[in-house]
Structures are given as C-alpha cells and as structure tokens.
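Trainee: Could you take one part of this chain and walk me through it closely? I would like to see how that part sits within the rest.

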Amino acid sequence: MLREPFAVGDSPLHRLDPRIRLVAAAGFSCVVAVCREFPALLAALILSMALVALARLRTGEVLRRLVVVNGLVAFIWAVIPFTFPGEALFRLGPFGAARDGVLLAAQITLKSNAIVLVFMALVATMSLATAGHALHQLRVPDKIVHLFLMTYRYIFVLEQEYHRLVRAACIRGFQPGTNLHTYRTYAYLVGMLFVRAVERAERVRWAMLCRGFKRKFYCLQEFKAGPGSAIFFSLMVAALVGVIALEFRVVEW
Amino acid sequence: MTSHTPIIDLKGVTFGYPGGPLILRDLDFTLYPGQRIGVMAPNGSGKTTLFHLIMGLVKPLSGQISIFGKTLREEKDFAEVRRRIGLLFQDPDDQLFSPTVLEDVAFGPLNLGKTQAEAGAIARRTLDFLGLNGFEDRITFKLSGGEKRLVSLATVLAMEPDALLLDEPENALDARTRARLIEILPSLDLSYVLISHELDFLTSTADAVYTMENGKVLLDQEFRAHQHVHAHPLGARPHEHYALEDAHPPKQPPGKNE
C-alpha cells in the first residue's frame with residue numbers, strides 16, 4: 001500500500017498555509033537548481049536540513065528516501081567524473097577522474113539532496129489532496145490539478161488491481177525468471193492493467209455524469225495564511241536572498 | 001404529474017453492445033411512485049445494462065424510454081433524469097473519485113448549482129443521516145468496503161433524488177453494514193429498483209421481486225413469508241438470521257405455507 005507517512009503531524013511546518021509551503025519549496029528548488037558555488041549549495045543544504053528538523057519527521061523514513069535519491073546520484077558519480085575532459089584528479093586503473101567532473105558530480109549531489117529534503121519538509125507534510133487544492137488556489141490550470149487529483153485517487157485502485165493480477169499469477173505457480181515466459185506474462189499483466197484502467201475510466205465518467213458533472217470541479221477547502229505563515233515566508237525569502245548572495249559572492253562564506 | 005404517472009416506463013426496449021448478442025429484447029418495465037422493486041437474475045442477464053439504459057449511459061437500439069412521463073431520446077434529455085434518479089454503482093470505487101468524503105458527497109449538489117455553503121450543509125446532513133458523522137475529512141480510498149458503500153449511498157442521496165437504482169448494494173458487505181442497509185433502505189421515502197443476488201436481502205428491502213430471463217423482465221410473484229427448518233454447526237446456540245419479520249414487517253398476514 002502506498003503511504004504518506006509525513007502528511008500527518010503537528011510540527012510548526014504542518015500548521016503553515018499549504019500554499020505558502022508550495023511556493024517556498026518551488027522558489028527554493030529554482031534557486032538551488034541554478035546555483036554553482038559550493039558555499040551557496042552548502043548553505044542551501046543546511047537550510048533544508050534545518051527545515052526537516054523543524055518538521056519533526058522520523059529520521060529513519062527520511063534516510064530511507066535519501067538512500068533512493070543517492071542511489072541515482074551514485075550513477076552520476078560512476079559516469080560523469082570519468083567521462084569529463086580535463087586534468088585527472090585521481091585514477092582508478094585505466095580511468096582518470098577529471099577535476100571538473102568531480103566538482104560537477106558534487107554539485108549535483110548537494111543540489112538533489114537539498115531539494116529532496118525541502119520537499120520532504122514542506123510538501124510531503126501535507127496530503128496530496130491538500131496539495132491539489134492548494135495548487136488550484138495558486139491558479140494552476142484546472143486540468144493539471146484534476147489530472148493530479150484523479151491520478152492520486154486511482155493509483156491506489158490500479159495498485160490493488162496490479163496486486164490482484166500478480167496474486168492470480170502466483171497461485172498458479174508463476175515464478176519470475178529471465179526467460180520469454182516471464183516477459184510475456186509481465187506484458188500480459190501490464191496490458192491487462194491498461195484494459196482495466198480504460199474500463200474503470202469509463203465507469204467513473206458515467207458515475208460523474210449521473211451526478212450532474214458539468215466539466216467543472218469545485219473545491220470546499222479554504223486556506224488561511226496566518227501570521228505564522230507570513231513570518232515563515234519572509235524568513236524563507238531572506239534565506240534564499242542569502243543563498244543568492246553567496247552564489248554571486250556578494251558575501252563571503 | 002399525478003402520482004399515477006410512472007417514474008420509469010420502458011416499452012419494447014432492445015439493446016446489445018456492438019458486435020455482441022442482444023442483451024435486452026423487447027423489454028417492458030415500469031416503476032410507479034412508492035414502489036420498491038427487487039430484481040434477481042443470473043449474471044449476464046442484463047440487469048446492470050437496464051440501469052445504464054434508464055440513466056442514458058447507453059442508448060437502446062429500439063424501443064421507448066419515458067421517465068416522469070417524458071419520452072427521452074438525446075443526451076440532453078437525460079440530464080434531468082440524472083438529477084432526479086440516483087444510481088448506486090456496483091463498485092463503490094467507481095463512484096467515489098474525490099479525495100475526501102465531504103467533497104465527494106458535495107460534488108452532486110455543487111453540480112446542481114448549490115453554493116459551497118449549501119452543498120457542504122447538504123453533504124453533512126446526508127452523512128449524519130447515514131450515521132457517518134466524523135467521516136467528512138476521511139480519504140475515500142482508505143475507507144473499508146462497507147464504509148465505501150455507505151458513503152457511495154450518501155453521494156447519491158445528497159442529490160435529493162425522487163428514485164434510486166441500486167446495483168447489488170449488498171455485494172461484499174460485512175454483516176453490520178448489511179444490517180444497516182436493510183434498516184436504511186426501507187426507511188427512505190423513495191421509490192427504488194434494487195438488483196441483488198440474495199433473496200434474503202431482497203425480501204427485507206423490496207415489496208416485490210422481479211426476475212429477468214431472455215432479455216425480459218418478468219413479473220410479479222407476490223411475497224409470502226415462510227419458514228425453513230435448517231441445520232448447521234453451532235445451531236443450538238442462540239443466533240440470528242436476516243428474517244423477513246425482523247427487518248421489514250410483512251404487508252399482509254403470513255401465507256399458508258408457514
């Protein structure tokens with residue numbers, strides 16, 4: 001079962017206006033994504049770690065997610081330094097790791113960890129339903145928001161359907177291996193999932209028509225930005241200005 | 001409209017999916033105000049299709065569909081039908097698509113042009129009526145099967161319909177929710193047609209049971225209460241069955257066969 005372990009909580013961050021959190025996370029990501037200077041990136045990483053601490057997330061769950069992200073980052077370390085032109089910083093057998101390549105890989109590592117941590121602290125701390133409504137109120141186009149919310153709703157149904165199919169295969173002795181039978185079985189399974197999804201979509205559309213659907217969704221949730229949210233937003237803006245100042249060496253580390 | 005105008009009146013309706021055999025042949029069916037009709041028939045006999053025809057989700061090959069005395073042909077004719085007749089789908093996952101319970105129940109009233117405050121109030125009232133207070137902010141897909149069914153019913157009732165079409169509402173329900181449904185359905189001041197595979201359930205909720213055969217709806221066996229002698233393990237212990245008298249008092253004295 002897909003879970004949202006961070007969505008419930010009572011930390012100061014959980015109580016902030018979801019719209020402010022979404023804007024802050026988006027702003028942070030944009031700034032960090034284009035930074036190149038290490039002092040700026042390190043400051044961003046420290047800021048993101050502070051936010052995770054403020055959100056009082058369970059360390060184990062946070063680390064588990066970081067492992068996934070850094071699994072991908074490991075591939076970057078395995079490839080970029082050794083394929084970059086330039087003077088070798090160190091050698092592994094016949095392969096030389098270029099200094100510029102190592103620096104680039106290190107930048108990517110810092111950026112991705114900082115951004116993922118901020119999203120855990122600010123965005124994963126609201127339910128996806130809330131996120132959808134917050135996006136709606138931030139004037140994100142209706143169609144994107146509906147696509148997002150309907151995906152969220154039915155991904156669980158598809159997951160169940162997937163498990164049902166896998167169980168059906170398992171109880172008849174199916175064991176995945178590296179052979180044509182396995183590939184064919186998985187192809188059938190995915191194909192069947194698509195067929196079922198299309199049928200499900202038709203029935204859902206009917207259910208919506210039966211309740212007078214007129215291609216318009218309404219949102220009942222209302223958000224209020226209290227003084228806490230305003231203070232948080234000002235602090236975030238100040239912190240990001242600090243990061244930008246470090247990037248342009250207006251201030252020194 | 002007098003109370004003698006049928007809510008639903010199908011005449012000579014024939015339907016089959018493209019490339020398939022005919023599912024309904026020259027079918028006649030009428031629902032009058034105040035009637036509670038159960039339909040019990042084997043799988044594949046076209047019960048669900050019958051409901052979809054009434055709601056205008058599929059169109060008949062031939063025949064005539066009149067709802068509230070008006071003959072309906074095109075998509076826009078059916079918009080009114082969908083406001084006044086509520087369809088409870090077989091699978092609650094088809095019916096509940098909003099993230100939270102309150103939003104899902106309010107979806108219909110909002111589509112009918114109610115304000116957010118009105119729709120919210122109707123939704124809360126409906127949830128209260130079904131004993132679902134406290135469910136407002138629950139996430140729809142995280143509900144249990146029985147809860148999903150009751151919330152689905154709430155979404156339909158929130159439209160304040162004149163009649164209901166219920167497609168196997170007792171399917172895959174736990175005993176408690178089942179008993180709740182048997183309590184709720186007859187207490188509604190609504191006409192309905194109810195598809196079920198369980199005679200027990202139908203006797204507790206419907207006044208008459210029809211069957212379907214060869215693409216037609218067959219009338220009308222009057223109900224007679226009767227008792228069975230039966231045996232099963234733990235039969236000596238005090239226990240309950242869903243008996244006719246318990247849930248829904250018979251409208252006439254029990255028959256001779258008792």
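Mentor: Happy to! Keep in mind that this is a predicted model. Let's start with the layout: chain A is split into domain 1, covering 18–126 + 224–247, and domain 2, covering 140–210. Taken over C-alpha atoms, the centres of domain 1 of chain A and domain 2 of chain A are 34 Å apart.

The part I'd pick is helix α6 of chain A, residues 142–170. At 1.5 Å a residue, its 29 residues should span 42 Å, and the end C-alpha atoms are 41 Å apart, so the two values agree. Even so, α6(A) has a bend of about 30 degrees, located at Tyr154(A). Its buried residues are Val145(A), Leu149(A) and Arg153(A). Among the things covering those buried residues is α5 of chain A, residues 128–137.

Now step back to the whole chain. There are eight helices and two strands in chain A, and along the sequence they follow the pattern α-α-α-β-β-α-α-α-α-α. The radius of gyration of chain A is 23 Å, well over the 18 Å that the globule rule gives for 253 residues, so the chain is more spread out than a compact globule. Along its principal axes, the C-alpha trace of chain A spans about 65 × 60 × 30 Å. Of the 253 residues in chain A, 26% are buried. As for contacts in chain A between residues at least 6 apart in sequence, 78% join residues at least 24 apart.

Terms used: Residues are numbered from 1 along each chain as its sequence is written. Chains are lettered from A and ligands numbered from 1 in the order in which they are written. This is a predicted model: local features need pLDDT of at least 70, side-chain atom pairs count only at pLDDT 80 or more; totals for chains, interfaces and linings use all residues. Domain bounds come from an automatic or database domain assignment. Helices (H or I, at least four residues) and strands (E, at least two) are DSSP runs, numbered from the N terminus. The radius of gyration is taken over C-alpha atoms; the globule rule is 2.2 Å times the number of residues to the power 0.38. A residue is buried if 20 or more other C-beta atoms lie within 10 Å of its own, exposed if 12 or fewer, and partly exposed in between; C-beta atoms are placed from the backbone. Two residues are in contact if their C-beta atoms, placed from the backbone, lie within 7 Å. The expected span of a helix is 1.5 Å times one less than its number of residues. The bend at a residue is the angle between axes fitted to the seven residues ending there and the seven starting there.
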